[in-house]
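Please read them with the sequence and the coordinates open beside you.

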Amino acid sequence: MDALDGVRALAAVAVLVFHVAIESAAALRDNFFSSLLARGDVAVPIFFALSGLLLYRPYARAALLGERPPDTRVYLIKRALRILPAYWLVVVVAMVLWAGPHLGDVTTWLQLLLLGQTYEIHPWWFGLGPRGLAQMWSLCVEAAFYVLLPLVAAALAAYARRGRPPASTPAPGGCWPASPYSPPRRSCGRCSPTSPSTGPT
């Protein structure tokens, strides 16, 4: 998974470069390099897909091997500690620098600190967020995924178990059937350990 972590890091850097290029107008000029910078947003879906793959992998492994899934409380705490401290610092700095008239707005602070600004129907700001925080829309989406992941993983695991044969029911001939949702079992000697049971040979 180290290689995928590296790709995700490159995607994050590409998104950062894109936002800097847009804010500095370097991506708005009429030349090839500016056009290349303007398409840095393509890294956003790549980052989302890789995050989903890497975060769901422990749940998928637990479902396939019949193990306990990751502890939801620990998972959410780790996600929060990874994102919120730095994000809260950015929110405070942006509000102090560019949103002075709204510093006393409790609703705005709650929306921003809890990553809910994307869901505001009638915002006082223009665009995707207050000045300096517009790019945080993607973090709002990511946070929503973090919260929903344990529920989605539990639903998928329950669906996968529907296709798993009962643990106490051997296949005809006394052999255990091969199943993509069950851990590998030792061959009984009458069927191939690498293929579904076809009865005594």
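Leaving aside neighbours within four places in sequence, which residues is Arg79 in contact with?

1. In this predicted model, Arg79 is in contact with Leu55 and Tyr146, once its neighbours within four places in sequence are set aside. Arg79 belongs to helix α4, and Tyr146 stands 67 residues from Arg79 in sequence, although the two C-alpha atoms are 7.4 Å apart in space. With a relative accessible area of 14%, Arg79 counts as buried, because the cut-off for that word is under 20%.

2. The largest nonpolar core has 21 residues, and within it Tyr87, Val91 and Leu115 touch the most other members. Helices α3 (43-65), α4, α5 (106-113) and α6 (137-161) each supply at least two residues of this core, and α4 gives the most, with 7 residues. For Leu115, the residues touched, not counting those up to four places away in sequence, are Leu84, Tyr87, Leu139, Cys140 and Ala143. There is also a second, separate core of 5 residues, which includes Ala21, Ala26, Ala27 and Leu37.

3. Helix α4 (residues 72-98) also holds Val93, which is partly exposed at a relative accessible area of 40%. Is Val93 counted as buried or exposed, or in between? The answer is in between, since 40% falls between the limits of 20% and 50%.

4. On confidence, the chain averages a pLDDT of 85, and 81% of the residues score at least 70. Among the elements of the chain, α4 has the highest mean pLDDT, 97, while helix α1 (residues 2-23) has the lowest, 87.

5. Two stretches call for caution in reading. Over residues 174-182 the pLDDT is below 50, yet the model gives this stretch 30 contacts beyond near neighbours in sequence. Over residues 192-201 the pLDDT likewise stays under 50, and here the model has 14 contacts beyond four places in sequence. Where pLDDT is low, predicted coordinates should not be read in detail.

Technical notes:
Residues are numbered from 1 along each chain as its sequence is written. This is a predicted model: local features need pLDDT of at least 70, side-chain atom pairs count only at pLDDT 80 or more; totals for chains, interfaces and linings use all residues. Side-chain values use heavy atoms; hydrogens and water are left out. Helices (H or I, at least four residues) and strands (E, at least two) are DSSP runs, numbered from the N terminus. Buried means under 20% relative accessible area, exposed over 50%, partly exposed in between (1.4 Å probe, protein chains only). pLDDT is the predictor's confidence in each residue, from 0 to 100. Contact means heavy atoms within 4.5 Å. A nonpolar core is a set of buried Ala, Val, Leu, Ile, Met, Phe, Trp, Tyr and Cys residues joined through side-chain atoms within 4.5 Å.
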